[in-house]
Amino acid sequence: MKLSLPLKGTLSLLLSLFIHTTILAQGNYQMEHLTSKVSEFKELLQTSKQNHDLDGLIQAQSKLGDFYDRLGIANEAIKHYHEALVSQTMEDTTTIYLNNQLASVYISLKKYGTAQDYLTRGLMLSEKLSFNKGKAVALARSGTVAEKQKSYDQALGYQNQSFLLFETLKDSTGMAICLENIGSVYEDLESYDMAFQYFQRAEQLAQHSPNNVLINIINNLGDSKRKKGALEEALFYTKKALELSQKTKNIHQEESALKDMARTYSKMERFDLALNYMNKHAEVFENEIERKNAQQVNTLQVLYNVKDNEAKLALLSKENELNNIRQTVLLLISLFVLAVLLGWFLYYKKRQQQESNIINYKQKLLQAELERKTAEEASLQREVDFKLSALTNYSLHLAHKNKMLNAVSKTLTNLKDRNQAMIKPKLEELIKEIDFDLSKDKEWDEFTGYFEQIHPHFFQRLNTIANPELSPTELRLGMLLRLNLSSKEIASILRITPDSVRIARYRMRKKLPLDSKEDIQSFLVNL
(Lines give C-alpha, C1' and ligand atoms only; values in the text may rest on other atoms or scores of the structure.)
Protein backbone atom coordinates (compact mmCIF):
# COMPACT_ATOMS: atom_id res chain seq x y z
CA MET A 1 0.00 0.00 0.00
CA LYS A 2 1.35 3.38 -0.99
CA LEU A 3 1.12 6.29 1.44
CA SER A 4 0.10 9.75 0.32
CA LEU A 5 2.70 12.55 0.55
CA PRO A 6 0.95 14.39 3.46
CA LEU A 7 0.74 11.13 5.42
CA LYS A 8 4.42 10.39 4.74
CA GLY A 9 5.35 13.88 5.99
CA THR A 10 3.27 13.42 9.13
CA LEU A 11 4.85 10.04 9.89
CA SER A 12 8.32 11.49 9.29
CA LEU A 13 7.58 14.38 11.66
CA LEU A 14 6.23 12.02 14.36
CA LEU A 15 9.31 9.78 13.97
CA SER A 16 11.60 12.81 14.26
CA LEU A 17 9.76 14.03 17.37
CA PHE A 18 9.96 10.54 18.89
CA ILE A 19 13.72 10.31 18.25
CA HIS A 20 14.28 13.83 19.62
CA THR A 21 12.21 13.07 22.74
CA THR A 22 14.07 9.81 23.24
CA ILE A 23 17.45 11.55 22.91
CA LEU A 24 16.30 14.29 25.28
CA ALA A 25 15.21 11.70 27.86
CA GLN A 26 18.48 9.85 27.44
CA GLY A 27 20.30 13.16 27.81
CA ASN A 28 18.58 13.89 31.12
CA TYR A 29 19.44 10.41 32.36
CA GLN A 30 23.05 10.79 31.17
CA MET A 31 23.26 14.21 32.83
CA GLU A 32 22.21 12.73 36.16
CA HIS A 33 24.56 9.77 35.71
CA LEU A 34 27.52 11.96 34.71
CA THR A 35 26.87 14.37 37.58
CA SER A 36 26.81 11.45 39.98
CA LYS A 37 30.08 9.99 38.65
CA VAL A 38 31.94 13.32 38.58
CA SER A 39 30.73 14.17 42.08
CA GLU A 40 31.88 10.75 43.27
CA PHE A 41 35.37 11.23 41.83
CA LYS A 42 35.61 14.82 43.07
CA GLU A 43 34.54 13.78 46.56
CA LEU A 44 37.21 11.05 46.56
CA LEU A 45 39.74 13.61 45.39
CA GLN A 46 38.78 16.12 48.08
CA THR A 47 38.80 13.50 50.83
CA SER A 48 42.26 12.29 49.77
CA LYS A 49 43.59 15.88 49.85
CA GLN A 50 42.15 16.52 53.31
CA ASN A 51 43.54 13.24 54.69
CA HIS A 52 46.89 13.73 52.92
CA ASP A 53 46.29 10.32 51.33
CA LEU A 54 48.69 10.39 48.37
CA ASP A 55 47.65 6.96 47.03
CA GLY A 56 43.98 7.94 47.18
CA LEU A 57 44.75 11.24 45.46
CA ILE A 58 46.59 9.50 42.61
CA GLN A 59 43.78 6.92 42.29
CA ALA A 60 41.12 9.65 42.10
CA GLN A 61 43.07 11.63 39.47
CA SER A 62 43.63 8.46 37.44
CA LYS A 63 39.92 7.54 37.57
CA LEU A 64 38.94 11.03 36.47
CA GLY A 65 41.40 10.72 33.58
CA ASP A 66 39.86 7.37 32.55
CA PHE A 67 36.37 8.86 32.85
CA TYR A 68 37.09 11.83 30.59
CA ASP A 69 39.06 9.64 28.17
CA ARG A 70 36.03 7.37 27.67
CA LEU A 71 33.88 10.43 27.01
CA GLY A 72 36.38 11.79 24.47
CA ILE A 73 37.21 14.98 26.42
CA ALA A 74 40.93 14.82 25.79
CA ASN A 75 42.08 18.03 27.50
CA GLU A 76 40.48 17.05 30.84
CA ALA A 77 41.80 13.48 30.54
CA ILE A 78 45.35 14.78 29.92
CA LYS A 79 45.04 17.22 32.84
CA HIS A 80 44.06 14.56 35.38
CA TYR A 81 46.51 11.91 34.10
CA HIS A 82 49.30 14.47 34.27
CA GLU A 83 48.33 15.61 37.78
CA ALA A 84 48.32 11.97 38.91
CA LEU A 85 51.75 11.47 37.30
CA VAL A 86 53.18 14.58 38.98
CA SER A 87 51.84 13.43 42.37
CA GLN A 88 53.83 10.17 42.10
CA THR A 89 56.69 10.17 44.62
CA MET A 90 58.10 6.86 43.40
CA GLU A 91 58.08 5.06 40.07
CA ASP A 92 55.82 1.99 40.05
CA THR A 93 53.30 0.20 37.83
CA THR A 94 50.85 3.10 38.24
CA THR A 95 53.45 5.40 36.67
CA ILE A 96 53.68 3.04 33.69
CA TYR A 97 49.86 2.94 33.35
CA LEU A 98 49.63 6.76 33.42
CA ASN A 99 52.36 7.15 30.77
CA ASN A 100 50.61 4.61 28.51
CA GLN A 101 47.23 6.31 28.98
CA LEU A 102 48.64 9.75 28.20
CA ALA A 103 50.20 8.27 25.06
CA SER A 104 46.82 6.81 24.05
CA VAL A 105 45.12 10.22 24.39
CA TYR A 106 47.83 11.93 22.36
CA ILE A 107 47.50 9.23 19.66
CA SER A 108 43.79 10.07 19.41
CA LEU A 109 44.79 13.74 18.99
CA LYS A 110 47.32 12.71 16.27
CA LYS A 111 50.22 14.13 18.29
CA TYR A 112 52.43 11.14 17.63
CA GLY A 113 55.75 12.65 18.77
CA THR A 114 54.39 13.49 22.22
CA ALA A 115 52.70 10.10 22.42
CA GLN A 116 55.98 8.30 21.65
CA ASP A 117 57.78 10.31 24.37
CA TYR A 118 55.36 8.95 26.99
CA LEU A 119 55.57 5.43 25.54
CA THR A 120 59.38 5.52 25.69
CA ARG A 121 59.21 6.44 29.38
CA GLY A 122 56.70 3.66 29.98
CA LEU A 123 58.91 1.12 28.19
CA MET A 124 62.04 2.11 30.13
CA LEU A 125 60.25 1.89 33.47
CA SER A 126 58.59 -1.43 32.50
CA GLU A 127 62.05 -2.83 31.72
CA LYS A 128 63.36 -1.52 35.02
CA LEU A 129 60.49 -3.00 37.06
CA SER A 130 60.12 -6.16 34.89
CA PHE A 131 56.43 -5.30 34.38
CA ASN A 132 55.54 -7.25 31.22
CA LYS A 133 51.91 -6.11 31.02
CA GLY A 134 52.90 -2.43 30.92
CA LYS A 135 55.68 -3.19 28.45
CA ALA A 136 53.32 -5.13 26.16
CA VAL A 137 50.78 -2.27 26.11
CA ALA A 138 53.52 0.33 25.46
CA LEU A 139 54.97 -1.75 22.60
CA ALA A 140 51.54 -2.23 21.00
CA ARG A 141 50.81 1.50 21.13
CA SER A 142 54.31 2.29 19.85
CA GLY A 143 53.43 0.04 16.90
CA THR A 144 50.27 2.08 16.33
CA VAL A 145 52.31 5.32 16.35
CA ALA A 146 54.78 3.84 13.87
CA GLU A 147 51.92 2.69 11.61
CA LYS A 148 50.33 6.16 11.68
CA GLN A 149 53.69 7.61 10.68
CA LYS A 150 53.98 4.99 7.87
CA SER A 151 57.04 3.31 9.47
CA TYR A 152 55.63 -0.13 8.71
CA ASP A 153 58.70 -2.28 9.45
CA GLN A 154 59.06 -0.60 12.83
CA ALA A 155 55.32 -1.02 13.46
CA LEU A 156 55.50 -4.77 12.74
CA GLY A 157 58.53 -5.09 15.02
CA TYR A 158 56.74 -3.44 17.95
CA GLN A 159 53.53 -5.45 17.46
CA ASN A 160 55.40 -8.78 17.27
CA GLN A 161 57.29 -7.99 20.49
CA SER A 162 54.01 -7.03 22.16
CA PHE A 163 52.35 -10.25 20.95
CA LEU A 164 55.12 -12.40 22.48
CA LEU A 165 54.72 -10.66 25.83
CA PHE A 166 50.90 -11.06 25.80
CA GLU A 167 51.44 -14.72 24.88
CA THR A 168 53.68 -15.14 27.92
CA LEU A 169 50.98 -13.47 30.04
CA LYS A 170 48.30 -15.73 28.45
CA ASP A 171 46.28 -12.60 27.61
CA SER A 172 44.17 -13.67 24.64
CA THR A 173 42.60 -10.21 24.17
CA GLY A 174 46.01 -8.53 24.06
CA MET A 175 47.24 -11.15 21.58
CA ALA A 176 44.14 -10.65 19.41
CA ILE A 177 44.60 -6.86 19.35
CA CYS A 178 48.28 -7.25 18.37
CA LEU A 179 47.37 -9.62 15.53
CA GLU A 180 44.64 -7.23 14.38
CA ASN A 181 47.17 -4.36 14.40
CA ILE A 182 49.62 -6.45 12.37
CA GLY A 183 46.83 -7.24 9.91
CA SER A 184 46.09 -3.51 9.60
CA VAL A 185 49.74 -2.85 8.73
CA TYR A 186 49.65 -5.49 5.96
CA GLU A 187 46.35 -4.02 4.79
CA ASP A 188 48.06 -0.61 4.50
CA LEU A 189 50.80 -2.35 2.51
CA GLU A 190 48.04 -3.85 0.27
CA SER A 191 49.06 -7.42 1.24
CA TYR A 192 45.42 -8.41 1.71
CA ASP A 193 45.96 -12.19 1.95
CA MET A 194 48.51 -11.70 4.71
CA ALA A 195 46.22 -9.20 6.43
CA PHE A 196 43.30 -11.68 6.25
CA GLN A 197 45.41 -14.44 7.86
CA TYR A 198 46.28 -12.23 10.82
CA PHE A 199 42.65 -11.07 11.16
CA GLN A 200 41.55 -14.74 11.19
CA ARG A 201 44.01 -15.62 13.96
CA ALA A 202 42.87 -12.54 15.87
CA GLU A 203 39.20 -13.65 15.56
CA GLN A 204 40.03 -17.08 17.00
CA LEU A 205 41.75 -15.52 20.02
CA ALA A 206 39.03 -12.85 20.54
CA GLN A 207 36.09 -15.25 21.13
CA HIS A 208 36.06 -14.39 24.84
CA SER A 209 37.19 -10.79 24.43
CA PRO A 210 34.94 -7.72 24.77
CA ASN A 211 32.38 -7.49 21.97
CA ASN A 212 33.91 -4.30 20.61
CA VAL A 213 37.23 -6.07 19.97
CA LEU A 214 35.62 -9.10 18.28
CA ILE A 215 33.29 -7.02 16.08
CA ASN A 216 36.12 -4.77 14.96
CA ILE A 217 38.16 -7.84 13.92
CA ILE A 218 35.25 -9.31 11.95
CA ASN A 219 34.72 -5.95 10.24
CA ASN A 220 38.41 -5.98 9.27
CA LEU A 221 38.04 -9.50 7.85
CA GLY A 222 35.27 -8.26 5.56
CA ASP A 223 37.21 -5.11 4.72
CA SER A 224 40.31 -7.07 3.62
CA LYS A 225 38.20 -9.37 1.42
CA ARG A 226 36.40 -6.41 -0.12
CA LYS A 227 39.68 -4.65 -0.95
CA LYS A 228 40.99 -7.84 -2.55
CA GLY A 229 37.81 -8.19 -4.62
CA ALA A 230 36.32 -11.31 -2.92
CA LEU A 231 32.97 -9.55 -2.51
CA GLU A 232 30.78 -12.53 -1.48
CA GLU A 233 33.17 -13.45 1.30
CA ALA A 234 33.36 -9.78 2.28
CA LEU A 235 29.54 -9.68 2.59
CA PHE A 236 29.60 -12.77 4.82
CA TYR A 237 31.96 -11.19 7.37
CA THR A 238 30.44 -7.71 7.20
CA LYS A 239 26.90 -9.09 7.74
CA LYS A 240 28.21 -11.07 10.68
CA ALA A 241 29.75 -7.93 12.16
CA LEU A 242 26.52 -5.99 11.53
CA GLU A 243 24.34 -8.60 13.25
CA LEU A 244 26.69 -8.80 16.24
CA SER A 245 26.88 -5.02 16.60
CA GLN A 246 23.07 -4.69 16.40
CA LYS A 247 22.68 -7.48 18.92
CA THR A 248 25.10 -5.86 21.39
CA LYS A 249 23.84 -2.33 20.54
CA ASN A 250 27.33 -1.23 19.56
CA ILE A 251 26.42 1.82 17.49
CA HIS A 252 29.96 2.64 16.42
CA GLN A 253 30.57 -0.85 14.98
CA GLU A 254 27.08 -0.93 13.47
CA GLU A 255 27.80 2.31 11.64
CA SER A 256 31.11 0.92 10.34
CA ALA A 257 29.47 -2.32 9.19
CA LEU A 258 26.65 -0.47 7.38
CA LYS A 259 29.18 1.68 5.56
CA ASP A 260 31.16 -1.43 4.51
CA MET A 261 27.96 -3.14 3.33
CA ALA A 262 27.19 -0.14 1.12
CA ARG A 263 30.73 -0.16 -0.29
CA THR A 264 30.60 -3.89 -1.02
CA TYR A 265 27.21 -3.74 -2.79
CA SER A 266 28.43 -0.72 -4.74
CA LYS A 267 31.42 -2.76 -6.00
CA MET A 268 28.98 -5.55 -6.91
CA GLU A 269 27.03 -2.89 -8.86
CA ARG A 270 23.93 -3.58 -6.79
CA PHE A 271 23.35 0.09 -6.33
CA ASP A 272 19.82 -0.20 -4.89
CA LEU A 273 21.11 -2.21 -1.92
CA ALA A 274 24.18 0.00 -1.68
CA LEU A 275 21.92 3.07 -1.46
CA ASN A 276 19.70 1.35 1.09
CA TYR A 277 22.64 0.55 3.39
CA MET A 278 24.11 4.00 2.86
CA ASN A 279 20.81 5.55 3.97
CA LYS A 280 20.76 3.28 7.02
CA HIS A 281 24.36 4.27 7.73
CA ALA A 282 23.47 7.95 7.42
CA GLU A 283 20.54 7.49 9.82
CA VAL A 284 22.65 5.61 12.38
CA PHE A 285 25.50 8.05 11.89
CA GLU A 286 23.22 11.04 12.43
CA ASN A 287 21.70 9.50 15.56
CA GLU A 288 25.14 8.60 16.85
CA ILE A 289 26.40 12.13 16.20
CA GLU A 290 23.40 13.55 18.04
CA ARG A 291 23.98 11.11 20.90
CA LYS A 292 27.68 11.91 21.11
CA ASN A 293 27.05 15.64 20.89
CA ALA A 294 24.42 15.39 23.60
CA GLN A 295 26.75 13.29 25.72
CA GLN A 296 29.64 15.73 25.28
CA VAL A 297 27.41 18.74 25.93
CA ASN A 298 26.07 17.04 29.06
CA THR A 299 29.57 16.16 30.18
CA LEU A 300 30.82 19.68 29.59
CA GLN A 301 27.77 21.06 31.37
CA VAL A 302 28.41 18.77 34.32
CA LEU A 303 32.06 19.77 34.30
CA TYR A 304 31.09 23.43 34.17
CA ASN A 305 28.57 22.96 37.00
CA VAL A 306 31.11 21.12 39.14
CA LYS A 307 33.77 23.75 38.54
CA ASP A 308 31.24 26.51 39.10
CA ASN A 309 30.18 24.95 42.41
CA GLU A 310 33.81 24.46 43.39
CA ALA A 311 34.50 28.10 42.53
CA LYS A 312 31.48 29.24 44.57
CA LEU A 313 32.52 27.14 47.56
CA ALA A 314 36.07 28.42 47.27
CA LEU A 315 34.74 31.97 47.03
CA LEU A 316 32.56 31.53 50.13
CA SER A 317 35.49 30.02 51.97
CA LYS A 318 37.71 32.90 50.93
CA GLU A 319 35.03 35.43 51.92
CA ASN A 320 34.77 33.88 55.39
CA GLU A 321 38.53 33.91 55.71
CA LEU A 322 38.57 37.49 54.48
CA ASN A 323 35.96 38.57 57.05
CA ASN A 324 37.95 36.98 59.85
CA ILE A 325 41.10 38.59 58.54
CA ARG A 326 39.35 41.97 58.32
CA GLN A 327 38.25 41.82 61.96
CA THR A 328 41.73 40.80 63.08
CA VAL A 329 43.31 43.50 60.91
CA LEU A 330 41.00 46.19 62.30
CA LEU A 331 41.95 45.26 65.84
CA LEU A 332 45.62 45.17 64.98
CA ILE A 333 45.40 48.49 63.13
CA SER A 334 43.79 50.13 66.17
CA LEU A 335 46.52 48.84 68.43
CA PHE A 336 49.14 49.78 65.89
CA VAL A 337 47.83 53.35 65.55
CA LEU A 338 47.95 53.81 69.30
CA ALA A 339 51.46 52.40 69.44
CA VAL A 340 52.56 54.59 66.52
CA LEU A 341 51.12 57.73 68.08
CA LEU A 342 52.81 56.86 71.35
CA GLY A 343 56.16 56.02 69.83
CA TRP A 344 56.28 58.62 67.10
CA PHE A 345 57.13 61.51 69.38
CA LEU A 346 60.02 59.65 71.03
CA TYR A 347 61.24 58.42 67.69
CA TYR A 348 61.16 61.90 66.14
CA LYS A 349 62.91 63.40 69.13
CA LYS A 350 65.79 60.94 69.03
CA ARG A 351 66.02 60.71 65.28
CA GLN A 352 68.06 63.88 64.72
CA GLN A 353 70.43 63.02 67.53
CA GLN A 354 70.96 59.50 66.17
CA GLU A 355 71.50 60.78 62.62
CA SER A 356 74.08 63.27 63.90
CA ASN A 357 75.86 60.51 65.83
CA ILE A 358 75.82 58.22 62.80
CA ILE A 359 77.30 60.91 60.54
CA ASN A 360 80.08 61.63 63.02
CA TYR A 361 80.80 57.95 63.42
CA LYS A 362 80.95 57.41 59.64
CA GLN A 363 83.31 60.37 59.25
CA LYS A 364 85.62 58.93 61.89
CA LEU A 365 85.54 55.55 60.21
CA LEU A 366 86.35 57.08 56.84
CA GLN A 367 89.17 59.11 58.33
CA ALA A 368 90.61 56.05 60.07
CA GLU A 369 90.30 53.99 56.88
CA LEU A 370 92.01 56.73 54.88
CA GLU A 371 94.87 56.94 57.37
CA ARG A 372 95.25 53.17 57.39
CA LYS A 373 95.40 52.99 53.59
CA THR A 374 97.88 55.87 53.44
CA ALA A 375 100.11 54.12 55.99
CA GLU A 376 99.84 50.84 54.07
CA GLU A 377 100.75 52.49 50.78
CA ALA A 378 103.74 54.26 52.38
CA SER A 379 104.89 51.00 53.96
CA LEU A 380 104.54 49.13 50.67
CA GLN A 381 106.43 51.85 48.82
CA ARG A 382 109.25 51.74 51.38
CA GLU A 383 109.39 47.96 51.08
CA VAL A 384 109.54 48.12 47.27
CA ASP A 385 112.25 50.80 47.38
CA PHE A 386 114.22 48.75 49.86
CA LYS A 387 113.96 45.58 47.77
CA LEU A 388 114.89 47.41 44.58
CA SER A 389 117.92 48.89 46.32
CA ALA A 390 118.85 45.49 47.74
CA LEU A 391 118.43 43.85 44.34
CA THR A 392 120.60 46.46 42.61
CA ASN A 393 123.26 46.19 45.30
CA TYR A 394 123.10 42.44 45.04
CA SER A 395 123.60 42.51 41.29
CA LEU A 396 126.56 44.91 41.67
CA HIS A 397 127.97 42.66 44.34
CA LEU A 398 127.71 39.70 41.99
CA ALA A 399 129.47 41.64 39.26
CA HIS A 400 132.22 42.79 41.60
CA LYS A 401 132.71 39.28 43.00
CA ASN A 402 132.85 37.74 39.56
CA LYS A 403 135.32 40.38 38.37
CA MET A 404 137.55 39.82 41.38
CA LEU A 405 137.44 36.06 41.08
CA ASN A 406 138.27 36.27 37.40
CA ALA A 407 141.31 38.44 38.19
CA VAL A 408 142.47 36.02 40.92
CA SER A 409 141.99 33.08 38.56
CA LYS A 410 144.10 34.77 35.84
CA THR A 411 146.82 35.73 38.33
CA LEU A 412 147.07 32.23 39.69
CA THR A 413 147.13 30.82 36.18
CA ASN A 414 150.10 33.05 35.32
CA LEU A 415 151.81 32.20 38.61
CA LYS A 416 151.50 28.47 37.92
CA ASP A 417 153.88 28.67 34.98
CA ARG A 418 156.53 30.73 36.81
CA ASN A 419 156.97 29.00 40.19
CA GLN A 420 158.56 25.75 41.10
CA ALA A 421 157.06 22.38 40.29
CA MET A 422 156.20 21.72 44.00
CA ILE A 423 153.80 24.66 44.12
CA LYS A 424 152.09 23.76 40.86
CA PRO A 425 149.65 21.09 42.27
CA LYS A 426 148.47 23.40 45.06
CA LEU A 427 147.93 26.25 42.64
CA GLU A 428 145.94 24.00 40.31
CA GLU A 429 143.76 22.90 43.23
CA LEU A 430 143.16 26.54 44.22
CA ILE A 431 142.19 27.42 40.64
CA LYS A 432 139.67 24.54 40.54
CA GLU A 433 138.11 25.64 43.82
CA ILE A 434 137.72 29.21 42.59
CA ASP A 435 136.22 28.07 39.25
CA PHE A 436 133.88 25.74 41.11
CA ASP A 437 132.74 28.58 43.33
CA LEU A 438 132.11 30.73 40.26
CA SER A 439 129.90 28.03 38.73
CA LYS A 440 127.59 27.71 41.74
CA ASP A 441 123.93 28.70 41.23
CA LYS A 442 123.07 29.28 44.88
CA GLU A 443 123.52 33.03 44.62
CA TRP A 444 121.55 33.02 41.37
CA ASP A 445 118.65 31.29 43.16
CA GLU A 446 118.68 33.93 45.89
CA PHE A 447 118.93 36.66 43.29
CA THR A 448 115.96 35.19 41.35
CA GLY A 449 113.95 34.94 44.59
CA TYR A 450 114.45 38.65 45.30
CA PHE A 451 113.51 39.49 41.73
CA GLU A 452 110.23 37.51 41.82
CA GLN A 453 109.17 39.27 45.02
CA ILE A 454 109.37 42.62 43.22
CA HIS A 455 108.22 41.45 39.77
CA PRO A 456 105.86 38.49 40.33
CA HIS A 457 104.76 36.44 37.28
CA PHE A 458 107.47 38.03 35.09
CA PHE A 459 108.98 34.68 34.06
CA GLN A 460 105.52 33.14 33.50
CA ARG A 461 104.43 36.00 31.18
CA LEU A 462 107.79 35.94 29.35
CA ASN A 463 107.59 32.18 28.66
CA THR A 464 103.94 32.52 27.55
CA ILE A 465 104.73 34.95 24.74
CA ALA A 466 108.10 33.38 23.76
CA ASN A 467 108.22 30.97 20.84
CA PRO A 468 110.02 28.66 21.28
CA GLU A 469 110.38 28.60 25.08
CA LEU A 470 113.38 30.49 26.54
CA SER A 471 116.38 28.68 28.06
CA PRO A 472 117.45 29.27 31.72
CA THR A 473 120.36 31.44 30.48
CA GLU A 474 117.96 33.54 28.38
CA LEU A 475 115.62 33.91 31.37
CA ARG A 476 118.59 35.26 33.43
CA LEU A 477 119.39 37.68 30.63
CA GLY A 478 115.76 38.83 30.52
CA MET A 479 115.79 39.36 34.32
CA LEU A 480 118.97 41.52 34.13
CA LEU A 481 117.57 43.54 31.20
CA ARG A 482 114.35 44.11 33.21
CA LEU A 483 116.58 45.68 35.95
CA ASN A 484 117.85 48.22 33.40
CA LEU A 485 121.45 46.99 33.66
CA SER A 486 123.90 47.88 30.89
CA SER A 487 125.48 45.32 28.58
CA LYS A 488 128.81 45.82 30.35
CA GLU A 489 127.24 45.14 33.76
CA ILE A 490 125.41 42.10 32.42
CA ALA A 491 128.65 40.77 30.84
CA SER A 492 130.40 41.11 34.20
CA ILE A 493 127.60 39.32 36.11
CA LEU A 494 127.32 36.49 33.56
CA ARG A 495 131.11 36.21 33.11
CA ILE A 496 130.90 36.72 29.35
CA THR A 497 132.09 39.41 26.93
CA PRO A 498 129.87 42.37 25.90
CA ASP A 499 129.81 40.89 22.36
CA SER A 500 128.40 37.67 23.78
CA VAL A 501 125.71 39.73 25.56
CA ARG A 502 124.83 41.41 22.23
CA ILE A 503 124.54 38.00 20.49
CA ALA A 504 122.45 36.60 23.36
CA ARG A 505 120.12 39.64 23.17
CA TYR A 506 119.74 39.10 19.40
CA ARG A 507 118.84 35.40 19.80
CA MET A 508 116.41 36.17 22.60
CA ARG A 509 114.82 38.92 20.51
CA LYS A 510 114.02 36.42 17.71
CA LYS A 511 111.97 34.37 20.17
CA LEU A 512 109.83 37.35 21.25
CA PRO A 513 107.00 39.10 19.36
CA LEU A 514 108.96 42.33 18.74
CA ASP A 515 108.83 44.81 15.88
CA SER A 516 112.13 45.43 14.11
CA LYS A 517 112.43 48.93 15.62
CA GLU A 518 111.25 48.04 19.14
CA ASP A 519 113.89 47.96 21.90
CA ILE A 520 114.03 44.65 23.78
CA GLN A 521 114.89 46.31 27.11
CA SER A 522 111.88 48.69 26.87
CA PHE A 523 109.67 45.74 25.91
CA LEU A 524 110.76 43.74 28.99
CA VAL A 525 110.36 46.72 31.33
CA ASN A 526 106.73 47.16 30.14
CA LEU A 527 105.90 43.42 30.23
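The model is predicted, so local features need pLDDT of at least 70 and side-chain atom pairs count only at pLDDT 80 or more, while totals for chains, interfaces and linings use all residues. Residues are numbered from 1 along each chain as its sequence is written, and side-chain values use heavy atoms, with hydrogens and water left out.

Let's start with helix α6 (residues 132-148) and helix α7 (residues 152-169), whose axes come within 8 Å and cross at roughly 160 degrees. That makes α6 and α7 roughly antiparallel (the term covers angles over 145 degrees).

Next stop is Gln-101, which sits in helix α4 (residues 93-108). With a relative accessible area of 9%, Gln-101 is buried (buried means under 20%, exposed over 50%, partly exposed in between, with a 1.4 Å probe and protein chains only). Leaving aside neighbours within four places in sequence, Gln-101 touches Asp-66, Asp-69, Tyr-81 and Arg-141.

Now for the rings. Phe-236 and Tyr-237 make an edge-to-face aromatic pair, 5.1 Å centre to centre with 75 degrees between the planes (rings of Phe, Tyr and Trp, the last by its six-membered ring, pair if their centres lie within 6.5 Å; planes under 30 degrees apart count as stacked, over 60 as edge-to-face and the rest as tilted). Phe-236 is exposed at 51% relative accessibility, whereas Tyr-237 is buried at 12%. Together with Phe-196, Phe-236 and Tyr-237 form one aromatic cluster.

Methods
Axes fitted to C-alpha atoms, helices over the stretch in contact; angles between N-to-C directions. Helix = DSSP H or I, 4+ residues; strand = E, 2+ residues; numbered from the N terminus. Parallel < 35°, antiparallel > 145°, perpendicular 65-115°, else oblique. Contact = heavy atoms within 4.5 Å.
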